[in-house]
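Student: I'm new to this one. Could you take me through the place where the two chains meet, slowly and in one go?

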Amino acid sequence: MIEYLFMLTAVLGAILALMQRDLLKSAILVGISGASIAILYQYLLAPDVALTQAIVGAAIIPVFFALAVYKTRRMEE
Amino acid sequence: MVIDVQIASLFTAVSLIIIGIFAAAFLDNLIKKVIGLAFIGDGVNLFLIAMGYKPGGIVYIYLPGMAAEWFSQNAAYPLPFAMVLTSIVIGASTMAVMLGIIIVLYKKRGSLSAKEILGE
């Protein structure tokens, strides 16, 4: 039953990440969406994909976005 | 809950793809366009995983003591899982290249707005 909550978290995180003006908050919300997709993979009987997505989607991709925001500007003009 | 997990996952994947296409097409900031492309990749991966799901099945790990016919009838379909594992890593690396190009573009033009860079 709790997997429906993670589906909702994935979609809501995606929508909220695109609504932020602060791009650093946007990067963190991308990480939340990726982490809930990783938990959803576990419920869909794919534990190896869930491990990879948990590392790549919840840690590496937000760090890449944070580095890009650090090298450019933080607020969206 | 009346909706199946597989059908709900397919709806989640389609909504992620629609959100990503909207962001990549209509938003102005270049980093948000890249975020939209990342959501499109996530949605496609989730769609493939949800197609391979079997309701009431088991994880595709063959343990000693299982009958082969029972295993082949109850295990989830493992081919998209092996391919999606590659697709996730390739998606992350292409996104890193896109962000690098955006950083170089910001150093040359001094802006992240697509309209301002294209001169419209």
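Tutor: Here is a walk through that contact, from the whole down to one residue. This is a predicted model, where local features need pLDDT of at least 70 and side-chain atom pairs count only at pLDDT 80 or more, while totals for chains, interfaces and linings use all residues. Residues are numbered from 1 along each chain as its sequence is written, and chains are lettered from A and ligands numbered from 1 in the order in which they are written.

The contact takes 38 residues from chain A and 38 from chain B, counting two residues as touching if their C-beta atoms, placed from the backbone, lie within 7 Å. On the side of chain A that touches chain B, α3(A) gives the largest share, 13 residues. That side of chain A divides into 27 nonpolar, five polar and six charged residues (Ala, Val, Leu, Ile, Met, Phe, Trp, Tyr, Cys and Pro are nonpolar, Asp, Glu, Lys and Arg charged, and the others, Gly among them, polar).

Axes are lines fitted to C-alpha atoms, for helices over the stretch in contact, with angles from 0 to 180 degrees between N-to-C directions; helices are DSSP runs (H or I, at least four residues), numbered from the N terminus. A:V49, A:I61, A:F65, A:A68 and A:V69 of α3(A) meet B:I31, B:A38 and B:I49 of α2(B). The residues of this contact are eight nonpolar, no polar and no charged.

Finally, look at A:Y41: not counting residues up to four places away in sequence, A:Y41 touches A:A46, A:V49, A:A50, A:Q53 and B:I49.

Note on methods
Helices (H or I, at least four residues) and strands (E, at least two) are DSSP runs, numbered from the N terminus.
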